[in-house]
Amino acid sequence: MARFSRRLIGEALSEIGLITPEQYNVILTEERSTRKPLGRLLLEKKIVTEEQLLVIMEKQLNIPRVRLFDIKINIEAITSIPLEMARRYRVMPIAKKGRKILLAMADPLNLAALDDVAMISGAEVSPVLAGEDEIMDAINQHYGSLETDENNSSNQEKAFHKRPKREDLQDPVDNAPVVKVVNSLIGRAIEHGASDIHLEPSEEGLRIRMRLDGVLQDLAVPSKYKQAHITSRVKIMANLDIAEKRLPQDGNIQMHYGGQDVNLRVSTMPTIHGEKVVIRLLEKERIVLPLEQLGFPANYYQTFQRLLLNQAGMILVTGPTGCGKTTTLYSALHYLNRPEVNIITVEDPVECRLRGINQIQVNRRINRTFANTLRSILRQDPNIIMIGEIRDLETAKIATQAALTGHLVLSTLHTNNATGAVNRLIDMGLEPYLVTASLVGVTAQRLVRTICPHCSEDYTLSEEEKIFFHKYFKKDPPATLRRGVKCKHCRQTGYQGRTSIQEVLLLNQELQDLILQGATAITLQAKAVEQGMLPLIRDGLRCLEAGTTTMGEVVRSTFSSVFDDEASGYAGSSAFIAQLQKHRD
């Protein structure tokens, strides 16, 4: 249909002597390469005037033409598609009746626009012709009046981009099937306390998963809704380019749901089967916790408090992605936030807005990097600086200089344990003497799921499990441990909620001397444990013996292929591998 229509227009232009067939073929090639609408290319090259083009299309395509300033535009039609889509495609909905919507278009050959409007509005689209300037004037006039009407809650863009209330997600205007599917998906994720939503294309269709308590779980997918439709809806909500499917994009959705402010961070990534979308749910109440609720054991809580009382120096929080490092940093900032203190952060991205704290978003497109921003921050008279992550030598050097010149610096690193942070900084290129002079402490942490209180029970370990316990935890097991037997409250998982396990390293003189001598991470770890540091696995054992979590969770979060000599023989045995797999599952 599209090719046939273009051929008719080309023939019409040739008949009136405005263009040769060769020139028209060149324009078609340019249309494909630049992705500009055919009509706009003809107008830019001044081959035809807008009036001539409209007359030709009306005749050749048999599509009626309207003059927007002469007709009354239906309010229900306007609220069928968001402002961003109307501007992007240069279209104006002018009437809606039942399952049909009348759409004014400057380029009725734009099939992508027709498909997306049909998908978002849930209606059958009938195009009519109108001048581009007329359409843009109508968009500014009618959508602008809706934005200034405080009592109008039916506008979709206002509903999703301007912090809708819970009932806005169930507004009758949002009855387009795909809109309802996406609203329901987000609402369900918020109610269940999910941290992420994954929309994954595959050969079989769309796969939807939620990360609940740190573990991905599959959800049922409505078979009649296509992946492209759901993805486009999410991209529109996040103000992303729905036409761009070749490059990754990042966006944001601000919502108010069930009495909570929720920030949805959207990331798209092209795959061989289509675009994968990940939505991260960031609720302030879950990110910023009182310091005493972070799960520190009593001795570590006091140690971490002592670290935060330093007036200068660098404190690092380490661990893999998704282990709660951001929550720990935000909670520490909340603890330190006082009127007499100037706190500045540089983050990528800013995951939660904190009152009374100056937060800066990294933007590499304008060269606002961690390093460049840190140089400027030091001229802003800060007492405390929080760096989202130390990723390179330049950032590490500036952070170290800040710590040495009277500032308290908080940041994160991706390392397996606390002592590994020291070697990571040195591997980046930082001199050992700078590390010992600036670093005052490191916290390594993991998140483990907690046993569901509604279905927990005591159980006796099997003989194999007792051997495994002894070899993995280096001690005899207790008579019984606790586990969840699965129920409706925990969605048949046996777990509900999460807590953290930690190890806290304080750099004293002995450790500093070892660092200056070039000690390995294993040597530093052994000395720290000798001086009283409780390793991650031992803190996990504390939670296990207290009945807070299970052996499988501790193994899943702390297992490393590096074992000491005592366990090395057992670590390579098939019995160990079998038990390890059992507890990881």
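Ile101 stands opposite Val125 in β3. The model is predicted, with local features needing pLDDT of at least 70, side-chain atom pairs counting only at pLDDT 80 or more, and totals for chains, interfaces and linings using all residues. Residues are numbered from 1 along each chain as its sequence is written, and side-chain values use heavy atoms, leaving out hydrogens and water.

**Exercise 1.** State in which sense β2 pairs with β3, and with β1.

Solution. Strands here are DSSP runs (E, at least two residues), numbered from the N terminus, and two of them pair if DSSP finds at least two bridges between them. β2 and β3 (residues 124-129) pair in the parallel sense over six bridges. Strand β1 (residues 91-97) runs antiparallel to β2 (residues 100-105), and six bridges join them. On this side, Met92 stands opposite Ala104 in β2. The hairpin of β1 and β2 has two residues between the strands, and Gly98 in the turn has a positive phi of about 60 degrees.

**Exercise 2.** Decide whether Thr443 is buried or exposed, and list what Thr443 touches.

Solution. Thr443 belongs to strand β15 (residues 439-451). Its relative accessibility is 0%, so Thr443 counts as buried (buried means under 20% relative accessible area, exposed over 50%, partly exposed in between, with a 1.4 Å probe and protein chains only). Contact means heavy atoms within 4.5 Å. Not counting residues up to four places away in sequence, Thr443 touches Phe296, Phe304, Leu316, Val317, Thr318, Gln502, Glu503 and Val504.

How values were computed: Helices (H or I, at least four residues) and strands (E, at least two) are DSSP runs, numbered from the N terminus.
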